[in-house]
Amino acid sequence: MKKRILKGKTMRNLEGSLFILPWLLGFMAFLAFPLLFSLYMSFHNVKVLPFQMKYDYVGFKYFKSILFESSALYDSIIPFFQEAIVMIPVILVFSLLIAILLNQKLRGRMLFRAIFFLPVIFSTGYVLTEFVNQGEGSLGFLERYELSSYLNMVLGDSSWTNPIKQVLNRFVLVLWFSGVQIILFLAGRQTISASAYESARIDGASPWEVFWKITLPAMSPFILLNLIYTVVDLFTYPFNPIMDLIGNGQGSYGYNSALVWIYFMIIIIFLSVVLLFYVRLSRNRSGARR
Amino acid sequence: MKVDMRLQGKRLVYRFEDWLAAVRRIDRTQIVIIIGLTLLSAFMLLPLVYLFNHAFKPLHELLLFPPTFIVNEPTMQNFTDLMALTQTTFIPVSRYIFNSVIVTVLATAGMVFTGSLCAYPLSKHKFPGGNWFFGAIMVSLLFATEVISIPRYVVVQSLGIMNTYLGHVLPMIALPVGVFLLKQFMDQVPNELLEAAKIDGASEVKIFLRIVLPLVTPAMATITIIAFQTAWGNAETSTLFMQDDAMKTLPFYMGTLTSNLANSVARQGAAAAGALIMFLPSLIIFLIYQRKFIATMAHSGIK
């Protein structure tokens, strides 16, 4: 038996730190340090010499040239943002809906669950890479499955053809992006006890009211979680246009690092706007309930 | 015999009637939901069907535009092509597979283990700087590792783990998504439960292993899949940190098969077969873990 020399609290803190330590070391070495290093590089002109790297300080030169002297960043980022703003709410609402449906007592719901979780292994892995490789860099789903020609046949060339195609194209993307979100929502939904629903039913609440008054408020930590996850997932997706721009980097190391950090600042701003909006919204809701 | 047949027929009829009754018991909204979900599932399964069919297409079907969905004349040609291709390379493909298996197992275990260890104090211990640390994790979430490959190269080089398995595994270990998800889930575990365990004299390790981990099984299963995906599909560490060809992994090798598509049409088929082979382990892991995703949450006593 080990003698207890330390006070309980110190002991606990020590144990906590020991728990964190292995991950922290990896984090420091392979994420935190490289990130700071790339920040350093973004202010320098990096030259690769045979046995070393040489860094010449250039100040904000790269930042200036990316932000003010070319439109390459804006050309790819603005359409991407438009798409993201449409897609994020759609992904969240869709996955919440599916999660609630999958929580119902249905015939064959285990099968449905398995199928709807499948995108977890599409979106992060090799499969979509393969898709993108074979589809000339886009997820041209409609063309691939000849749906496009069917659509043309059915709709003729009315003005509706294009919007419908767009929506369908997005829709499939939404499906494939929502695997993890559905799991998180479903797990969240199951933390709500059945007794809350039962008492609501006894009090004569309609399903609609139950959803707004019980399900949604209880799910709000998970909505926040999913919101962040979705934003991060979309913005760090290897095939999004900005990542492409960074990856293809014709510029020097310093230039690319500056691009990375500018992109990062943009994501941070976007994420904080979204979070602010979310907090405001949920505070209003909880204020209204009281 | 005849009586037997009749009996069996009767039984079938009964069974059918039972089934009909069961179907009738499902109300209309359920039917609508099931039909809706079935339609959506069809969309969900498309990539899977495509992938499987693609691997068995003969060359003239592979190159059709627009690509077809279902294979017309299935053939094993692509797989034999792939085998033939692998025989021409200097290093046998089994070496790549071996490397991949080792790296994936080590890295997945490492990511899940260190990630859950780290998430627990972050969620349940209040210690100075904890919020800042979590903030740092959130920030690092926003960077894809692809964009910081050069500094990572410098780190790996100075640690002297180039061309070793450690060079594959260590850079992948810190998976911010994992800590982030697990921490959010552990926040939902009631503190009273942990207090009770502490009063009963359970050590931190015991609380972690016996109480917290079982309660966040869905998150653990999700993380395991994500970690597996990350490790199995990762060609980055091979490209950057391994100069020795014998230390590279399967995704890198598959990448080299597809990368010179422009000058070799014939490799299309082998690439499609390779894609299927790359995908199968993911599918298997997924099928093993998918039940765990949500199975335990309902009976966990959370809330």
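**Exercise 1. Placing a residue**

In which helix is B:L283 found? Describe also its burial and its neighbours.

Solution. B:L283 belongs to helix 15 (residues 267-289) of chain B; helices (H or I, at least four residues) and strands (E, at least two) are DSSP runs, numbered from the N terminus. The model is predicted: local features need pLDDT of at least 70, side-chain atom pairs count only at pLDDT 80 or more, and totals for chains, interfaces and linings use all residues. Residues are numbered from 1 along each chain as its sequence is written, chains are lettered from A and ligands numbered from 1 in the order in which they are written, and side-chain values use heavy atoms, with hydrogens and water left out.

The next step is accessibility. B:L283 has a relative accessible area of 14% and is therefore buried; buried means under 20% relative accessible area, exposed over 50%, and partly exposed in between (1.4 Å probe, protein chains only).

The last step concerns neighbours. Leaving aside residues up to four places away in sequence, B:L283 touches A:L118, A:I121, B:L48 and B:F52, where contact means heavy atoms within 4.5 Å. Between B:L283 and B:I225 there are 9.9 Å in space, C-alpha to C-alpha, although they stand 58 residues apart in sequence.

**Exercise 2. Describing each chain as a whole**

For contacts in chain B with a separation of 6 or more, 73% are between residues 24 or more positions apart.

**Exercise 3. Helix 10 of chain A and its partners**

At what angle does helix 10 of chain A cross helix 4 of chain A, and at what angle does it pack with helix 3 of chain A?

Solution. First take helix 4 (residues 109-117) of chain A and helix 10 (residues 179-189) of chain A: their axes come within 8 Å and cross at roughly 135°. Axes are lines fitted to C-alpha atoms, for helices over the stretch in contact, and angles run from 0 to 180 degrees between N-to-C directions. Helix 4 of chain A is therefore oblique to helix 10 of chain A; angles under 35 degrees count as roughly parallel, over 145 as roughly antiparallel, 65 to 115 as roughly perpendicular and the rest as oblique. On the side of helix 4 of chain A the contact involves A:R113, A:F116 and A:F117, and on the side of helix 10 of chain A it involves A:G179, A:I182, A:I183 and A:L186. These residues comprise 5 nonpolar, 1 polar and 1 charged. Here Ala, Val, Leu, Ile, Met, Phe, Trp, Tyr, Cys and Pro count as nonpolar, Asp, Glu, Lys and Arg as charged, and the others, Gly among them, as polar.

Next take helix 3 (residues 72-103) of chain A, which packs with helix 10 of chain A at an angle of about 50°, the axes being 8 Å apart. The two helices are therefore oblique to each other. From helix 3 of chain A the contact includes A:I91, A:L92 and A:S95, and from helix 10 of chain A it includes A:Q181, A:I182 and A:L186.
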